Amino acid sequence: MTPATKLSLGCIADDYTGASDLANTLTRAGLRTVQTIGVPADDLALPEVDAVVVSLKSRSIEAGLAVTRSRAAESWLRGRGASHILFKICSTFDDAGNIGPVMDALRADSSDSIVLVTPAFPETGRTVYQGNLFVGSVPLNESPLKDHPLNPMHDSNLVRVLARQSKTKVGLVDLATLSRGAEAVRARLAELARGGIGAAIVDAVFDRDLETIGQVALDHRLSVGASGIGLGLARALVAAGKAKSDAATAMSEAAIGGPAACLAGSCSQATLRQIANAGKVMPVLHLDPERVIAGREEAQRALAWARDRFGAGPILIASSSTPEEVAALQSRHGRDAAGHAIEQAMADIAEGLVQSGVRRLVVAGGETSGAVVDRLRIPGFLVGAEIAAGVPVLRAVGAGNGEMVLALKSGNFGGPEFFSDALALMP
Ligand code: ADP
């Protein structure tokens with residue numbers, strides 16, 4: 001492990017789930033990718049990787065803070081040799097968010113005359129035509145995003161949306177230009193830049209459009225977009241022979257071994273079914289949520305139960321209950337208090353399990369996973385094979401606890417045998 005790995009691609013993501021999605025997309029496209037939680041320490045030791053995705057929570061914070069944190073991430077990534085940086089935003093864009101201010105700051109640092117911007121990701125139904133973002137078959141402002149609680153979108157024209165947020169003038173590279181190939185796009189960008197335009201929304205309707213965009217973006221030091229442009233950049237890097245090795249080999253390196261455990265804090269239908277199925281092949285302990293809220297003894301009881309068993313094979317500890325039981329608990333204690341207490345109990349249990357030697361950990365539940373990862377103080381993950389769509393095996397990097405693999409899934413993800421499927425890919 002050496003801090004000298006030179007990155008082909010550095011990414012700054014404005015939220016955690018977007019970062020995971022991008023890291024997974026880059027890995028599937030053939031880049032060895034690490035996702036970090038926040039801006040890493042200067043001396044973080046990395047394995048040989050092509051890309052690092054720094055996950056920030058900068059989407060809904062004050063703009064000045066978002067700029068400061070993004071620039072800290074930028075400087076870390078450039079320090080690791082990243083010649084191109086992708087500022088990863090949500091594929092549905094943000095009307096009143098920090099995209100413009102962060103783009104302006106990163107652009108000034110990069111000295112690029114013009115930045116390519118596209119949130120298009122056709123495989124997830126996000127396409128851009130004449131600068132208008134479509135979600136499936138409808139323009140953004142007619143999609144359910146018009147009613148989003150944090151970022152309601154009332155304008156589908158991204159040239160206008162970005163111009164309202166940015167200090168620079170915004171132009172368009174349309175689909176007709178894109179369909180004529182990389183040279184035509186380069187010529188159009190040069191023309192826009194000569195006109196004093198500093199950012200261009202780029203249309204994209206098909207995967208091949210993303211490939212053209214990726215190819216052209218690599219001429220620049222900065223681009224802005226969602227996982228779709230990440231895919232385009234990754235394909236361009238692989239085509240140019242700049243990817244170090246096939247990502248699929250990354251996780252097939254040495255097996256971790258050691259005891260395995262699963263934790264479930266999600267109460268989704270999918271997770272409830274997965275827990276029931278896991279019960280056929282491994283011991284399952286159902287926590288008593290009332291006792292969890294009453295104090296820390298319930299977590300200690302669970303740990304003692306686990307330590308008696310994990311030498312013989314994987315185990316599962318679940319707080320999950322049916323919607324009726326969840327509603328009853330919430331009405332007695334309040335939703336936030338109940339959720340927080342259970343998340344902290346799960347974090348206590350995860351910490352105790354790792355201290356007792358567990359090296360393979362599967363966690364079901366988005367908030368639950370966040371609480372566990374925070375407690376284990378894991379600075380980042382090397383992304384591996386996909387267990388289920390959007391849920392890769394993760395190998396901890398730079399953690400104080402030594403080698404470890406995890407699978408973190410939000411509630412609804414994964415097939416009915418998710419826990420066994422995950423463990424099968426985590427030898
Ligand atoms: P998902 O990905 O399914 O949304 P999360 O972990 O994000 O799962 O959220 C589940 C929330 O429910 C967490 O805050 C968790 O602590 C809480 N929780 C878990 N078990 C129970 C329970 N039995 N009753 C009430 N809340 C629970």
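**Why the labels fit this chain**

Me: What makes up the accessible surface of the chain?
Reply: The accessible surface comes to about 17,000 Å², and 52% of it belongs to carbon and sulfur atoms. Areas come from the Shrake-Rupley method with a 1.4 Å probe; for residues, only the protein chains shown count as cover. This is a predicted model, where local features need pLDDT of at least 70 and side-chain atom pairs count only at pLDDT 80 or more, while totals for chains, interfaces and linings use all residues. Residues are numbered from 1 along each chain as its sequence is written, and side-chain values use heavy atoms, with hydrogens and water left out.

Me: How do you know that the radius of gyration agrees with a compact globule?
Reply: The rule is 2.2 Å times the number of residues to the power 0.38, and the radius is taken over C-alpha atoms. For 427 residues that gives near 22 Å; the chain has 22 Å, so the two agree. Along the principal axes, the C-alpha atoms fill a box of roughly 70 × 45 × 35 Å.

Me: How many helices and strands does the chain have?
Reply: There are 15 helices and 18 strands. Both are DSSP runs numbered from the N terminus: helices are H or I with at least four residues, strands are E with at least two.

Me: Why is C90 called buried?
Reply: Buried means under 20% relative accessible area, exposed means over 50%, and partly exposed lies in between (1.4 Å probe, protein chains only). C90 has 17%, so it counts as buried. Buried residues make up 56% of the 427 in the chain.

Me: Why is C267 called partly exposed?
Reply: C267 has 32% relative accessibility, so it counts as partly exposed.

Me: What makes phi of S111 stand out?
Reply: Phi is near 60°, a positive value in a residue other than glycine. Most residues other than glycine have a negative phi. S111 sits in the loop between α3 (99-110) and β5 (115-118). Its relative accessibility is 63%, so S111 counts as exposed.

Me: What is phi of Q130 near?
Reply: Near 50°, again positive in a residue other than glycine. Q130 lies in the loop between β6 (126-129) and β7 (132-135). At 36% relative accessibility, Q130 counts as partly exposed.

Me: Why is H220 called buried?
Reply: Its relative accessible area is 13%, so H220 is buried. The residue is in the loop between α7 (207-217) and β11 (222-225). Contact means heavy atoms within 4.5 Å. Leaving aside neighbours within four places in sequence, H220 contacts S83, H84, D112, I114, L116 and L189.

Me: Is D155 buried or exposed?
Reply: D155 is buried, because its relative accessibility is 11%. D155 lies in the loop between β8 (138-139) and α4 (158-165). Beyond neighbours within four places in sequence, its contacts include D95, L140 and R160.
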